Amino acid sequence: MLSLTGLFFSAFIAATLLPVQSEAVLTLLLVGGDYSASSLLLVATAGNVLGALVNWMIGRFLMRYAAHPRFPFSGAQIFRAERFYGRVGWVSLFASWVPLIGDPITVVAGLMREPLWRFLLVVTFAKGGRYLILAWLIGAL
């Protein structure tokens with residue numbers, strides 16, 4: 001059970017802006033064979049999607065503090081993010097699994113007030129799909 005908890009939290013933290021790789025933890029557990037692949041994929045996907053949801057919530061409520069002197073983004077950065085999301089929109093969430101760019105996309109989705117139902121649907125598909133492909137590639141499926 002401790003392994004599943006560790007997998008959940010590594011996947012959760014990996015979905016935030018912190019540089020953590022949950023794929024290594026998932027791979028070790030899949031190769032170890034102590035748990036079914038389906039339970040590992042479910043736990044990893046749940047943790048990763050919930051982490052992305054935290055990013056969405058940060059983006060959603062961040063603009064309340066835009067006038068604060070320590071606000072972390074400049075007006076130009078916000079404009080670029082809005083312009084990007086305005087061009088590509090929710091389709092960009094299919095890249096939410098991609099290292100370095102996926103996590104900021106989930107923040108921007110919240111900033112742009114992407115509906116929660118669509119956010120969760122697309123992000124779950126993208127992040128779960130990545131884990132599914134990883135499991136298939138290492139022969140765990």
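This is a predicted model: local features need pLDDT of at least 70, side-chain atom pairs count only at pLDDT 80 or more; totals for chains, interfaces and linings use all residues.
Let me start with Phe73, which counts as partly exposed because its relative accessibility is 39%, where partly exposed is the class between buried, under 20% relative accessible area, and exposed, over 50%, with a 1.4 Å probe and protein chains only.

Residues are numbered from 1 along each chain as its sequence is written, and side-chain values use heavy atoms, with hydrogens and water left out.

Now to the rings themselves. A search of the whole structure gives 6 aromatic pairs, where rings of Phe, Tyr and Trp (its six-membered ring) pair if their centres lie within 6.5 Å, with planes under 30 degrees apart called stacked, over 60 edge-to-face and the rest tilted. Phe71 and Phe73 make one of these pairs, an edge-to-face one, with 6.1 Å from centre to centre and 75° between the planes. Trp90 and Phe94 have ring centres 6.1 Å apart and planes at 55°, so this pair is tilted. Trp90 is partly exposed at a relative accessible area of 34%, and Phe94 is partly exposed at 34% too. There is also an aromatic cluster, made of Phe8, Phe9 and Phe12.

Let me step back to the chain as a whole. It has 6 helices and 0 strands, and these are DSSP runs numbered from the N terminus (H or I with at least four residues for helices, E with at least two for strands). The C-alpha trace spans about 50 × 30 × 25 Å along its principal axes, and buried residues make up 39% of the 141 residues.

Which residues form the salt bridges? The search of the whole structure finds 2 of them, a salt bridge being a side-chain nitrogen of Lys or Arg within 4 Å of a carboxyl oxygen of Asp or Glu. In one of them Glu23 pairs with Arg130, and their closest N and O atoms are 3.0 Å apart. This pair links distant parts of the chain, since Glu23 is in helix 2 (residues 22-32) and Arg130 is in helix 6, 107 residues apart. Arg130 is buried, with a relative accessible area of 13%, and Arg130 also lies over the face of Tyr131, at 4.2 Å from the ring centre; for such a contact, NZ of Lys or CZ of Arg must be within 6 Å of the ring centre and within 35 degrees of the ring normal. In the other salt bridge, Arg118 meets Glu114 at 2.5 Å, N to O. Here Arg118 counts as partly exposed at 23% relative accessibility, whereas Glu114 is buried at 5%.

Trp136 is found in helix 6, and Trp136 counts as exposed because its relative accessibility is 58%.
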